[in-house]
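Take a walk through this protein with me. We will stop at a few places and look at what surrounds them.

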Amino acid sequence: METLKEKYKDYFLIGAAVNASTIRTHGELIKDHFNSITCENEMKFSNLCPREKEYQFEKADTIVQFAKDNELKMRMHTLVWHNQTPEWVFLDTTKEGLEERLSNHIHMLGKRYGKDCYSVDVVNEAIEDKLDGFLRESSWLQGLGNDYIERAFLLAKQEMPEAKLFYNDYNETNPIKRDKIFKLIKELKEKGIPVDGIGMQCHINIYHSSMDELKEAIEKYLSLGVSIEITEMDVSMFRHEDRSEILKPTIEQYKAQARVYKECFQIFREYKNDITSVTLWGVSDDVSWLNHFPVNNRRNWPLLFDEMMKPKEAFYEIMNF
């Protein structure tokens with residue numbers, strides 16, 4: 001059977017989010033089908049440094065070594081985010097203290113992993129979802145002001161000059177949020193801030209039908225002169241607001257999922273000169289963040305491989321071109 005990375009070798013990298021466990025339990029599947037990986041949580045601030053000056057690199061190191069041993073490229077995720085940042089970071093309420101902690105953190109990651117990562121999610125999900133408002137209210141915004149994003153990119157460029165630097169966000173095809181993301185990156189670029197690309201997370205569901213919005217978002221972002229990476233793709237069996245549960249998807253639901261994947265990848269292939277990589281947020285359905293979000297311990301089936309690590313209909317649809 002032809003693998004994902006073989007089929008897409010002339011298009012873009014095919015990635016998966018992994019963790020310290022799945023590189024063991026799903027290692028063969030990862031090595032067979034993917035040529036790029038992202039740490040699902042192991043490079044986030046709270047995982048690396050839950051207490052001040054006590055960095056715990058073991059799990060991230062293991063994943064980086066796995067990538068090196070198997071000739072996989074790596075994305076770094078993520079330097080600055082309103083979630084999964086330890087409370088101690090914000091205990092010093094002075095701007096100078098917070099700037100120092102931000103600078104130290106980016107220096108630590110750049111020194112240890114900068115040369116191992118081809119791209120970096122420098123700032124994650126900084127845009128407000130609601131209709132009114134621009135930047136998300138967060139401890140970073142409150143502590144450093146509107147220019148914390150600029151500061152993060154400048155520090156990342158200083159520490160990781162060879163990596164491509166990305167702004168990453170979800171609901172990125174929604175016209176309202178899309179235009180806010182566009183505005184942010186346009187302003188940053190006009191100031192000479194080194195933003196190389198926009199990460200489109202692509203967390204969608206089987207009811208997602210507007211491929212026009214996907215194309216429009218890609219076109220609008222590309223007009224800024226940046227690269228695109230699809231950074232966290234999965235296709236849920238549920239609408240986000242749906243809190244119901246099912247024992248197993250129907251044939252129709254699997255077919256709908258396959259259709260969404262097919263149509264998305266058709267569009268991705270059209271932009272192969274501008275899309276560097278497409279990353280699935282997980283390896284197979286047995287280990288997915290959507291099994292715990294937004295409903296804890298609810299089964300979901302959002303990926304290309306099932307609980308037994310076997311290809312699903314969605315896999316065959318994106319391979320059929």
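A polar contact is a pair of N or O atoms within 3.5 Å; within protein, one must be able to donate a hydrogen and the other to accept it. Keep that in mind for the first stop. The model is predicted.

Start at His 33. This residue sits in helix H3, which covers residues 27–33. Is His 33 buried or exposed? His 33 is buried, because its relative accessible area is 4% and buried means under 20%. Its side chain reaches the backbone nitrogen of Leu 4 at 3.1 Å. His 33 also touches other residues, among them Met 1, Ile 14, Phe 305 and Phe 315.

Now move to helix H6, residues 95–113. How far apart are its end C-alpha atoms? They are 27 Å apart. Several residues of H6 are buried, including Gly 97, Leu 98, Arg 101, His 105 and Tyr 113. What covers the buried residues of H6? The cover includes helices H4, H5, H7 and H8, along with strands E3 and E4.

The last stop is Asn 291. Look for it in the loop between strand E9 (275–280) and helix H12 (313–319). Asn 291 is buried, with a relative accessible area of 4%. A polar atom of its side chain lies 2.9 Å from the backbone nitrogen of Asn 300. Leaving out residues up to four places away in sequence, Asn 291 touches Asp 285, Asp 286, Asn 296, Asn 297, Arg 298, Arg 299 and Asn 300.

How values were computed:
Residues are numbered from 1 along each chain as its sequence is written. This is a predicted model: local features need pLDDT of at least 70, side-chain atom pairs count only at pLDDT 80 or more; totals for chains, interfaces and linings use all residues. Side-chain values use heavy atoms; hydrogens and water are left out. Helices (H or I, at least four residues) and strands (E, at least two) are DSSP runs, numbered from the N terminus. The expected span of a helix is 1.5 Å times one less than its number of residues. Buried means under 20% relative accessible area, exposed over 50%, partly exposed in between (1.4 Å probe, protein chains only). Contact means heavy atoms within 4.5 Å.
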